[in-house]
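Here are a few exercises to work through with the model open beside you. Try each task before reading its solution.

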Amino acid sequence: SVRAAPTETPIDGASVLDAVKEALRENRVDLHLQAIVNLPQRRTCFYEGFTRLRRANGQIIMPAEFLGAAERANLLGVIDNMLLFRCVQIVRRLSERDRRIGVFCNIAVSSLEDDQFFTSFLDFMRENRDLAHAMIFEISVRAFRQRSPIVTSNMARLKELGFRFSLDKGDGLNFDLPQLQAAGVKFVKVNVERL
């Protein structure tokens, strides 16, 4: 479940970066799951995984606070690595109970472009390809539309293993469906107002 973060005053970029480094060093990286249900039955069919870092006092560092600092310090790959490892563990446990449930797991485009990260990540996913039915990697619509040839190639390698993709943070319904299908994108998150 997702816990609400305690209210606190914003901290500057350097302090956030120090807090991020400390959370990573001390393994205070959590994966929170939010249930996604089908209607009208309200049966859980997916979960969305959210990364949360914790300070030493237990306060949550929200992504809006830490993502920019982590990206500038080239730490997104480290965060993704920890998140994806936990995601695989959770998906494995969930699949033992119900193979119909999937988990959306965010991955940074910078991780898909990082040769060192992606090589070991692809090996890890190859070892866990039996979970391809239940793990869906998520990037933003903007990142998908602006993806480099390296990201396109690495997404194709994951697709070859059977993994699927989801797009979020879109601002409309203008999609090239054959392009999405070719890239392995099976889900697009859309605000209910658009429907």
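**Exercise 1. The largest pocket**

Which helices and strands each supply at least two residues of the lining of the largest pocket?

*Solution.* Keep in mind that this is a predicted model.
- Step 1: go through the lining element by element. Strands β2 (44-54) and β5 each supply at least two residues, as do helices α2, α3 (76-97), α4 (109-113) and α6 (141-145).
- Step 2: turn to the space itself, which comes to about 750 Å³. Of the 29 lining residues, those closest to the centre of the pocket are L67, N106, I107, A108 and K169.
- Step 3: sort the lining by class. Twelve residues are nonpolar, eight are polar and nine are charged.

**Exercise 2. The surroundings of β5**

Find the strands that pair with β5, and decide whether its residues are buried or exposed.

*Solution.* 
- Step 1: look at β4 (residues 102-106). This strand runs parallel to β5, with four bridges between them, and F104 has I136 as its bridge partner.
- Step 2: look at β6 (residues 164-168). Here, too, the pairing with β5 is parallel, over five bridges; R164 of β6 stands opposite I136.
- Step 3: check burial. Six of the six residues in β5 (135-140) are buried. On one side these are M135, F137 and I139, and on the other I136, E138 and S140, so that both faces are covered.

**Exercise 3. Cysteines**

How many disulfides does a search of the whole structure find?

*Solution.* 
- Step 1: the search finds zero.
- Step 2: take C45, whose nearest cysteine sulfur belongs to C87 and is 16 Å away.
- Step 3: take C87. The nearest cysteine sulfur, in C105, is 3.2 Å away, and the cut-off for a disulfide is 2.5 Å, so C87 is in no disulfide.
- Step 4: compare accessibility with the cut-off of 20%. C45 counts as buried because its relative accessibility is 13%, and C87 counts as buried at 1%.

Methods
Residues numbered from 1 in each chain as written. Predicted model: local features only at pLDDT ≥ 70, side-chain atom pairs only at ≥ 80, totals over all residues. Heavy atoms only, no water. Buried < 20%, exposed > 50% of the residue type's maximum accessible area, 1.4 Å probe, protein only. Pairing = 2+ DSSP bridges. 1 Å grid on protein atoms, 1.4 Å probe; cavity = no way out; pocket = protein on both sides within 12 Å on 5 of 7 lines; lining within 4 Å. Points joined across faces, edges and corners; volume = space filled by probe spheres on them. Nonpolar A, V, L, I, M, F, W, Y, C, P; charged D, E, K, R; others polar.
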